[in-house]
Every structure is written in C-alpha cells, then in structure tokens.
Amino acid sequence: MTLAERFNQAFEYRDGKLYWKISNSNAISVGQEAGTEYSRGYRRVYFNGKTWGTHRIVWIMFNGDIPSGVQIDHINGEASDNRIENLRMATNTQNCQNRRMRPTNTGIRNVSYVAKEKKYKVSIQAAGKRIYCGRFDDLELAELVAIEARDKYHGKFARL
C-alpha cells in the first residue's frame, strides 16, 4: 500500500484540515481534527511512528510521494493554510524567497530609508546572496524597482 493510500485511509481532508477516520489510541476520536499546532502556524501529526507536517500529508494525499530534496511551500505564506490549492513543490531556495516580509522602515518589501542620505535603498535576497539594486530619491520609484527585482529573481515565487 502506498503512503498516499495509507493517508487517505487514516484521514479525511476538508478545506485544508485533516480529520481522523480511524482511532488507534484512546487520545484520538474518529472525526477529531488531526494534529497539533507547533510552530508559526504549522501543524504536525504523529502517524505510524513518525511525525508529519500536515501540509506534507495533504500534498501526498492528492499528489503522491514528494521527491527527495523538495519542500512543500505555502503559496500565500500562511503556514496554517493547508488547502491543496495553496500548496506547491519548491526547492529550499524558492521556499525561502516566499517567506513573510520583514518589517522595514518604509513598510515596503525590499525598500528601506537611509536617513543619512535621504534616499530609499532597494536590495533583494536571491540564491543566498544580497543583491543591491540602487538608491532612489523617490519612494514610488524605489518600490517599482523592488517589484521588478522580485519578479526577475524570484519569478512565480515572489511575494508582493
């Protein structure tokens, strides 16, 4: 029996959540939501002697095994949103590009204000390196440059 078949026997998928179809302990009731939240919104489930991320179980239930070295990425960046339409395969680099926006002093991703120079600096992280894109007098121009850089370096994995 494949892993996908075992997951489909044990769990019911409803709108991004997993519910037990079977009860293999006193702590589990049929119909109960499977798993517990453990970090930054991620959920995990203990099944057949192994701990699994809920998003990985959902992916496998719909698509089969996950190739070695591949991660499952949440397209919208919300770790608690395990709807199948919000999941995709990604490399580690692509998955890191889709992380939540770090706060900057401008509120615009990849744009920060350098008070000493009275300019807006644009830089982006790609392939493990910081790429400097320039300094600009105008915030709107800096934002456009940041959007173009994300599109160029991150493609469909860019988070706006």
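Analyst: In this predicted model, the side chains of Arg 88 and Asp 73 form a salt bridge, with an N to O distance of 2.7 Å.

User: Which strands does the pair Arg 88 and Asp 73 tie together?

Analyst: The two partners are 15 residues apart in sequence. Arg 88 lies in residues 87-90 and Asp 73 in residues 71-74, so the pair ties together strand E7 and strand E6.

User: Are Arg 88 and Asp 73 buried or exposed?

Analyst: A residue counts as buried under 20% relative accessible area and as exposed over 50%. By this criterion, both Arg 88 and Asp 73 are buried.

User: Is Asp 81 buried or exposed?

Analyst: Asp 81 meets Arg 83 in a salt bridge of 2.7 Å, N to O. Arg 83 has a relative accessible area of 26% and is therefore partly exposed. For Asp 81 the relative accessible area is 13%, so this residue is buried.

User: Which residues are linked with Asp 81 in a network of salt bridges?

Analyst: The side chain of Asp 81 meets that of Arg 83. The network of salt bridges that contains Asp 81 also includes Glu 85, so its other members are Arg 83 and Glu 85.

User: Where does Glu 33, the partner of Arg 43, lie?

Analyst: The side chains of Arg 43 and Glu 33 meet at 3.4 Å, N to O, in a salt bridge. Arg 43 belongs to strand E4, ten residues apart from Glu 33. With a relative accessible area of 27%, Glu 33 is partly exposed. Glu 33 lies in the loop between strand E2 and strand E3.

User: How many salt bridges are found in the whole structure?

Analyst: The pair of Arg 43 and Glu 33 is a salt bridge, as is that of Arg 88 and Asp 73. A search of the whole structure gives a total of seven.

Conventions
Residues are numbered from 1 along each chain as its sequence is written. This is a predicted model: local features need pLDDT of at least 70, side-chain atom pairs count only at pLDDT 80 or more; totals for chains, interfaces and linings use all residues. Side-chain values use heavy atoms; hydrogens and water are left out. A salt bridge is a side-chain nitrogen of Lys or Arg within 4 Å of a carboxyl oxygen of Asp or Glu. Helices (H or I, at least four residues) and strands (E, at least two) are DSSP runs, numbered from the N terminus. Buried means under 20% relative accessible area, exposed over 50%, partly exposed in between (1.4 Å probe, protein chains only).
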